[in-house]
Structure formats: C-alpha cells, structure tokens
2 protein chains.
Amino acid sequence: MIPEEEAPDRRFQRLVDYVQQGVAVGDLTPGDRLPSERELVRQFGIGRASVREALRVLENVGLVKSQPRDPRGPLIQAPTPEPIRRSLTILTSAGGVNLAHLIQVRMIMEASANLVAAAGRSQEHLLALEENLERTSERVETGAGDFSVIDLEFDELVARSGGNPLIHVYGEVTREAIVNLIERTIQAAGDDKEVMRRTLDHHRAVYAAIAAGNGLLASRLAREALYSHYSHLVSDRERAVLADLVRECGGEVAT
Amino acid sequence: MIPEEEAPDRRFQRLVDYVQQGVAVGDLTPGDRLPSERELVRQFGIGRASVREALRVLENVGLVKSQPRDPRGPLIQAPTPEPIRRSLTILTSAGGVNLAHLIQVRMIMEASANLVAAAGRSQEHLLALEENLERTSERVETGAGDFSVIDLEFDELVARSGGNPLIHVYGEVTREAIVNLIERTIQAAGDDKEVMRRTLDHHRAVYAAIAAGNGLLASRLAREALYSHYSHLVSDRERAVLADLVRECGGEVAT
DNA sequence: TTGTATTTGTTCGTATGTATC
DNA sequence: GGATACATACGAACAAATACA
C-alpha cells in the first residue's frame, strides 16, 4: 500500500559502508590496501559474490581500484572528480539538465574562479598563464587544429590558481559538459579565425586583470564573454537570466 | 615492469555500457524494465554473478533500481542529481577542502540561487517560501529546538525555485558540508535568540527581493549575510577574498 | 482471499589464467 | 620450470518474498 521505499539492507552494503566510513574518518587513506577478497569473505562473514558486488560499487564511486590480479588486495584511491563528471554527463544526456542550466553555472563558476585567482595569484601561476597565452597566439597565427584544447586549458589554469578545489572541480565538470553538449548539436564551433582572435583578446584581458589583482574586473570579463559567446543558443526567457548574471557584477550586456 | 593501467575489460562492463547507451540514446526510458537476471544471462552470454555486478553498478549511478523480488525485472530510473551529491560529499570530506573554501563556494552558490530564483519565481514557490517564513517566525517566538533545520530549508526552497538542478545540488552539498564542519568544531552555533531574529529578518528581505523580481538585490543580500555570519571564522587573508565576493555584486562589507 | 510459480539474494564448488617466489 | 595464491568467471543450489492468477 505504502509507496514503499528503502533498500532492504543487502549484505554487500555493510562492506561498502565500512570502507566509505573508514575513508571519511581517515582510518583508511589512499595507498592503503584492503585485504584480499577471500580474507574479506572471512572477516565480514559474507559470500564471495557479495564481496565482489561491494568492490564493484566502491570501484564505481572511485574509492578503490582492484588491479586485475594483484595478490596484495584492492587499493584505496584518492578521491577524484571523475565520478562527478560521469554522473553529470548522464544527467545532461538524459534531460535533467539543459544547456541554459550549464551556461548559467559556467558563468557563475568562471567568474568566481577569476575572482579568487586574482586574490590568490602567485608568480608561478602567472607564468603558467603567460605560457598558455603564448601558445594560444601561436595557434591563432598558424591556424593549427586543436585550438579548443588550449582554450579550455586557460580556464583550467585560472581555476587552479585560486586554490579552491571546489571551484576548480565545479568549473571543470561544467565546462566539459558544455563542450560535450555543443559539439553534439553544433558540429565544431571553432575554427573560425575571427572567433579565435576574440578569444585570445579576452584571455589577455583576463590575465591582465588577474595580474593586477583586480578580481572584480576579471569576474565581469568572464561573464560578459560567456554571454556574448553562448547567449544566442538559448531561449529568450533563459537569456534574460543570463543577462541578469552579467549585470550582477556590474557588467554590460551586449545586444 | 610497466606501471600498467587500464581495465582489462570485465564481462559486466558490456551490460553496463549497453544500458548507459540505451538511456542516452532514448532507447530505454524511465519506467521501462530490463529483462530478469536470468534472461540477461542468456542474452549477454555471461554468468549471473557478472549480471549482478553490472546491476549493482547501474544501481549505484542511479540508472536502474532492482526491487527486492520483483519478477518484472529491474526498473529504469529517471536520472537524479543524487549520485553527484554523493560523490561531491566524498570529495569535500576527504579531498583537501577547508572551511574557507566552503564559505567561498557557498557565498557564490547562494547568491546565484537567489538571482535565478528571482528570475524564475512562480506563485507556487513563493507560497512555499511564505510558509517557511511563517514557521520560522513561530520558532523564534517559542524558542523551539530545531531552528537550524528550518533555516536551511529556506535556502533549499530558494535554490529549488530557480529551476536549475545544478545550482540546487551544488548549493545543497556545500551547505551540508559546512554545517558538518562547523558543528564539529563549534558546538551548536545557534540557539541564540538574537541570531535567530537576525536570520529571520534576512530571510524576509530575501523573500521580498525575490518576490519583486529584484535578483541583483537578493544576490547581494545573500553574500552580505554569509560574510557577516562566517567571516570571523577564517584567516585575514581568506577573509579578504570573501570581502571581494561581497563587493563583486556591489555589496557593503560590514566591518 | 489463498496458492503457486517465479525471481531475487545469497552461498558454495569449481575451472581458468596470470602473477610472484 | 614449477608451485602457490589470487582474481575472474561460470553453474548449481537454497531460502525468502513477491506478483499474479
């Protein structure tokens, strides 16, 4: 009768919980190894099949990695953004998230990344950005193929400079989801020379703002650029929200 | 010798890929059912253990749900942000994220949530917010215990109003992580009557801004409030970044 | 409503290929 | 080269619980 819920506590769940808890508390740290499968069978009093199901789940979440035939047992892994990326891809490809949502989030995250980068910039990070600009400008001249890779790399370097891993991950995942989505609908947005030149100019302006410690400017630049890049791809109603995001930081909305 | 990599293509992967692909293409839609385990054994030419491992993985990413003993087979589920939430939680709890990082992100996400909520508000959402304000004000009077629950609920309702599931999820995870972290260090920040009253005032102001469609104001309010709430918990250097976030949207930094 | 058949959850025995000593 | 230990994988079997006639 009751629209019933909940998992009827399956055996393998105990092992999953044990490992998750252990990692969260710090009892298990990356590099540690779990006992072998047979040993786990003994310790947890469950069958091999259950142990294996638990290991598959843990592997899927990215917490452990069991090498094919390693007598030393499954390896505890350092957490990576990888599972998030996967889930987000599924979510976008199956309808829960559309392009407008992604652009919204990207404008938000990119702007914030620029802002904190300007606040936390170091000589080392600035050099990496300069080096990227160098390569970008080369590609614009020579017109080589993989421009978008360097393009995205710039954003990632900026996000890394801020030192906030969450901003980094959110931004990275969102960027990736967008290019996945766009490249599927609009085939290759980008070998246009004019577009490349504009992108380079934008990157240079952002770099200057960050180097000068002007986070507010860097943040505004990001939103303006993303707006003029993507706003034509969404509906009027959605575009209005994006415009608000630009104005939120005092930016001008190009018509 | 070689530090070898890669998965040696395990059997169950084929089934996992099949379902993922099917859902992505639209071949399988939520509400559909997969064949029974034994049927899958036949169709894919793999053992039942392998089929079950595949089902556990698919269950883990939220694509299917196999009810305990349902002869009709595993159910294809509508994608939810739940797996992202899980992964994010793991990442924040074990991945070098500190309080300052979390506060940064929360200021960013909360402000954005307010902004898009103001843009996409509906009568229904406004009513839910009003109802929450009602309850909040009751609690302030009577001084009942679980004030923080209703407090957080307000933020969540706002995030939901915007209609962007990503902002919703990111915000929720961040909020959750913060209260976990704070309640562990500072025991219960909140039965202070004065704090509760200020919170209520803040919520009312945000509600008014959203109802009026003034997203820029709502966003600024969020950052200012979070700054005055949390800034004393972080170092001077980190506080400077938070202050920049407030100024980014034209806010005043309370000294 | 009761019964029956089917399916899942689980374990066990066994075979195979591959590292390491 | 051989022995050992391990992970991968299959098939058979049981109990419990559900769906459906």
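## Contact between the copies

The copies meet through the same surface, because 98% of the interface residues of chain A are also interface residues in chain B. Two residues are taken to be in contact if their C-beta atoms, placed from the backbone, lie within 7 Å. On this basis, 49 residues of chain A are in contact with 50 residues of chain B. At least two residues of the side of chain A that touches chain B come from each of α1 (11-25), α3 (48-61), α4 (82-93), α5 (99-120), α8 (165-185), α10 (215-230) and α11 (236-248) of chain A. With nine residues, α5(A) gives the most to that side. By class, the side of chain A that touches chain B comprises 31 nonpolar, 12 polar and six charged residues. In this classification, Ala, Val, Leu, Ile, Met, Phe, Trp, Tyr, Cys and Pro are nonpolar, Asp, Glu, Lys and Arg are charged, and the others, Gly among them, are polar.

Chain A is superposed on chain B by a rotation of 178° with 0.0 Å of shift along its axis, at an RMSD of 1.3 Å. The two copies are thus related as by a two-fold rotation axis. The superposition is by least squares on the C-alpha atoms of residues with pLDDT of at least 70 in both copies.

This is a predicted model, in which local features need pLDDT of at least 70 and side-chain atom pairs count only at pLDDT 80 or more, whereas totals for chains, interfaces and linings use all residues. Residues are numbered from 1 along each chain as its sequence is written, and chains are lettered from A and ligands numbered from 1 in the order in which they are written.

## Fold of chain A

Chain A has 11 helices and two strands, in the sequence order α-α-α-β-β-α-α-α-α-α-α-α-α. Helices (H or I, at least four residues) and strands (E, at least two) are DSSP runs, numbered from the N terminus. The radius of gyration of chain A is 23 Å, whereas a compact globule of 255 residues would have a value near 18 Å. This radius is taken over C-alpha atoms, and the globule rule is 2.2 Å times the number of residues to the power 0.38. The C-alpha trace of chain A spans about 65 × 50 × 35 Å along its principal axes. Of the contacts in chain A with a separation of 6 or more, 68% are between residues 24 or more positions apart.

## Surfaces near the DNA strands

A residue is near a strand if its C-beta atom, placed from the backbone, lies within 6 Å of it.

The largest share, three residues, comes from α3(A).

DNA strand D is surrounded by 21 residues, of which S36(A), E37(A), I46(B), G47(B) and S50(B) are the closest. Here α2 (37-44) of chain A and α3 (48-60) of chain B each give two or more residues. The largest share of the surface near DNA strand D, three residues, is that of α3(B).

## Burial and selected residues

A residue is buried if 20 or more other C-beta atoms lie within 10 Å of its own, exposed if 12 or fewer, and partly exposed in between. Buried residues make up 43% of the 255 residues in chain A.

In soluble globular proteins, nonpolar side chains tend to be buried together. The largest nonpolar core in this model has 133 residues, and L58(A), A218(A), L58(B) and A218(B) have the most contacts inside it. Such a core is a set of buried Ala, Val, Leu, Ile, Met, Phe, Trp, Tyr and Cys residues joined through C-beta atoms within 7 Å.

L88(A), in helix α4 of chain A, counts as buried, with 26 C-beta neighbours inside 10 Å. Leaving aside neighbours within four places in sequence, L88(A) is in contact with V173(A), A177(A) and I84(B).

R223(A) is found in helix α10 of chain A and is buried, with 25 other C-beta atoms within 10 Å. The C-alpha atoms of R223(A) and C249(A), 26 residues apart in sequence, are 8.5 Å apart in space.
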